[in-house]
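Keep the viewer open as you read.

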There are 2 protein chains.
Amino acid sequence: MSKGIIYTPRIRKSPFFEETIKDGATNFTTYNHMTMPVGYTTPEQEYNSLINDVTLWDVAGERQVEVVGEDAAKFVQYLTPRNLSTFKDSFCRYAFLTDENGGIINDPLILKFNDQKFWLSIADSDVIYWCKGVALSGNFKVKISEPEACPVSLQGPKSKDLMAKVTNNDPKVMDLKYYQFVETNLFGLDLIVARSGWSNQFGYEIYILREEDGGALWRNLMDAGKEFKIVPSCPNQIDRIEAGMISHLGDTTLNDNPLELNLPKFCDLDQEADFVGKEALKKIRDEGIKKQFTGFKISGKKIGYNMASIPVLDKNGSRSGYITSGIYSPNFGCNIGLGYVNIDLIHSEEIYSAQHDEEQREVEIVPLPFSSRLEKMK
Amino acid sequence: MSKGIIYTPRIRKSPFFEETIKDGATNFTTYNHMTMPVGYTTPEQEYNSLINDVTLWDVAGERQVEVVGEDAAKFVQYLTPRNLSTFKDSFCRYAFLTDENGGIINDPLILKFNDQKFWLSIADSDVIYWCKGVALSGNFKVKISEPEACPVSLQGPKSKDLMAKVTNNDPKVMDLKYYQFVETNLFGLDLIVARSGWSNQFGYEIYILREEDGGALWRNLMDAGKEFKIVPSCPNQIDRIEAGMISHLGDTTLNDNPLELNLPKFCDLDQEADFVGKEALKKIRDEGIKKQFTGFKISGKKIGYNMASIPVLDKNGSRSGYITSGIYSPNFGCNIGLGYVNIDLIHSEEIYSAQHDEEQREVEIVPLPFSSRLEKMK
């Protein structure tokens, strides 16, 4: 059986794989060398379920890199420009990892158990190699490994009702603040439940600790979710682009740095702690960034989500930027994109152009979040 | 258009992608975050062309990690247990990279330009992160990057005739020894031609230096190869398993070490030079390895190549090893596999069993190479 991916031994099976096949997954991608479903029905149908009801995603490919040891806190801080000095136990933080040039290695959600134990819940690149390499310097007493643990994502406004049902209104879970997590047991399985997820909706990420628990967790959530119209789904590109959320390797690479993303909260160059890339990023700050991450409004027929770095040209045909992710937005009623523009054009209100799907399109630069401007244009 | 992979911006397009689509690629995998075709006709048809004629593979996903700088030679030696002290300029060497525990990070083909410049032509894992992390220690004056350079593979007995035609019998290319490479120009393109490739047949790997040259190289080789019955193809699992060649992440992972592979040439623990994992591997050697890589003969109906770690059981039902790659071999006329057995069973002539494709199969342990024993059994 081929469902759009070749099942070579090199590609690991997600612990939820068999259940997602039963539930009608029609296509897969690979993520951290593991299968990840990327479609059951259509992105639009799944989007509607996500914003109105509740959806369950197999995101086991978001592997965990576990850092334990007496220097774990110092080590994790050394990996990121984000200032972690106020990072509390049992909370998550989103952070960029940077290389010696300030380039982006990954953008994990970091789970802090305590000062001696962290998980990096990673995007699609081998962060374990990076961490092991950095640790070789010998300056940190840490052990780095990849546990079996991996999440499903339960996203959508009715995820809270579903969680109330399956936990019997357990306050330990129901009182979780945004980005807080708790170790618990549901359906007889040891799990971690976090109020997090790669969507703009209310939701949870639920981590199994042992791969063999994957099938049971998936099936129990799908069964309990029927009354809330749960559907099997996958990371929804419409929703995340509308929210301006980054997809690493799509929107960010080693050639991009956190300063270009215009998210000052995630890049504190003046903090006391040292981190990889600090000097390089200070130099970039002093010299001024060359390009900046932004939103785009794109004219013409509906855009499908696809592989591209689409050049954005000014009226003289000069390359002014490029689109890294684009899609049709039902919410804003137009095509939107994420990408980069030359820094001196960041406030430009010119009409640019882009060639895509054999169509010449008009492109406007829209500051993020999209809602600040596009909603007024409706 | 979907041909078995979702074209998200996160997945890079191979520079040969458009040409492989034109030539009928029907399915793709991802390799180092890049598309790689894995089928045009059937594995058997492609195998026949590979062993009789000539085949052209898009293996751009085998990215290059470039190491340059005054300590490049010392740095590359530090990455691998293979003794590189006699490594000559303009030659390639296959080597394992090991982590601090002796676990396998990757198994690149290393190209040595000179003491200050190397390429690691890598299997499917982010070696660039590992190298950058190791270099952070500050003990090496090196710069690490991923150039645009990437190979096609031209494999099969008639590859030499084709190369004679397109180089007009240039001795610089025609006199290349096994694993030697040369910088040259063909079809007006700057290229590197190496006598190497992931097959058991005569062949070349030809590297473009700029992504934009991909289409022209592919098309020129396909056109010139018509008289030699060239077919577009892909890394052939039948041929490589018959040859006992390793597929990293399929057959080897961080949980396996080079000593278990029984390839002493690639693991010199007594060399003078230091390398990552040396102490760990010495300890493993002293304590004795627990499992060893081997071949298997497998009974029953033909096995297709697929995702699996298939347990091998003894007659009491105890797990004695596992199959990491299996396939039907036209050459040996039976199913064969690669994998690991408990070290004390390595010379066992017992009949073991494995459950696969709803069939109970008999499994025999066959030392590698397969030809040493299976050909006698025909």
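B:Glu19 and B:Lys22 pair up in a salt bridge, with their closest N and O atoms 3.0 Å apart. This is a predicted model, so read every distance here as computed. Both residues belong to helix α1 (residues 17-22) of chain B, and because they are three residues apart there, about one helical turn separates them. B:Glu19 counts as buried, since its relative accessibility is 11%. B:Lys22, on the other hand, is exposed, with a relative accessible area of 60%. Over in chain A, A:Glu19 and A:Lys22 join A:Asp23 and A:Arg219 in a network of salt bridges.

What about B:Arg210 and B:Glu212? Their closest N and O atoms are 3.8 Å apart, and they form a salt bridge. B:Arg210 counts as partly exposed at 42% relative accessibility, while B:Glu212 is exposed at 63%.

Now look at a pair in chain A: A:Lys291 and A:Asp256 form a salt bridge at 2.9 Å between the closest N and O atoms. A:Lys291 sits in strand β16 (residues 291-298) and A:Asp256 in the loop between α8 (237-242) and α9 (278-287), so this pair links distant parts of the chain, 35 residues apart. Both A:Lys291 and A:Asp256 are buried. Over all chains, the structure holds 49 salt bridges.

You'll find B:Asp58 in strand β3 (residues 55-58) of chain B. Its side chain does make a polar contact with the side chain of B:Ser14, at 2.8 Å. A polar atom of that B:Asp58 side chain also lies 3.0 Å from the backbone nitrogen of B:Ala60. Beyond its sequence neighbours within four places, B:Asp58 is in contact with several residues, among them B:Phe16, B:Met36 and B:Trp218.

On to the interface, where 49 residues of chain A are in contact with 49 residues of chain B. In chain A, A:Arg10, A:Tyr129 and A:Met307 lose the most area to chain B, together 24% of what that side buries. The two chains bury about 4000 Å² between them, 64% of it on carbon and sulfur atoms. As for where chain A's side comes from, α4(A) gives the largest share, seven residues.

How values were computed:
Residues numbered from 1 in each chain as written. Chains lettered and ligands numbered in written order. Predicted model: local features only at pLDDT ≥ 70, side-chain atom pairs only at ≥ 80, totals over all residues. Heavy atoms only, no water. Contact = heavy atoms within 4.5 Å. Buried area = accessible area lost by both parts, 1.4 Å probe. Helix = DSSP H or I, 4+ residues; strand = E, 2+ residues; numbered from the N terminus. Polar contact = N/O pair within 3.5 Å; in protein donor to acceptor, adjacent residues only side chain to side chain. Salt bridge = Lys/Arg side-chain N within 4 Å of Asp/Glu carboxyl O. Buried < 20%, exposed > 50% of the residue type's maximum accessible area, 1.4 Å probe, protein only.
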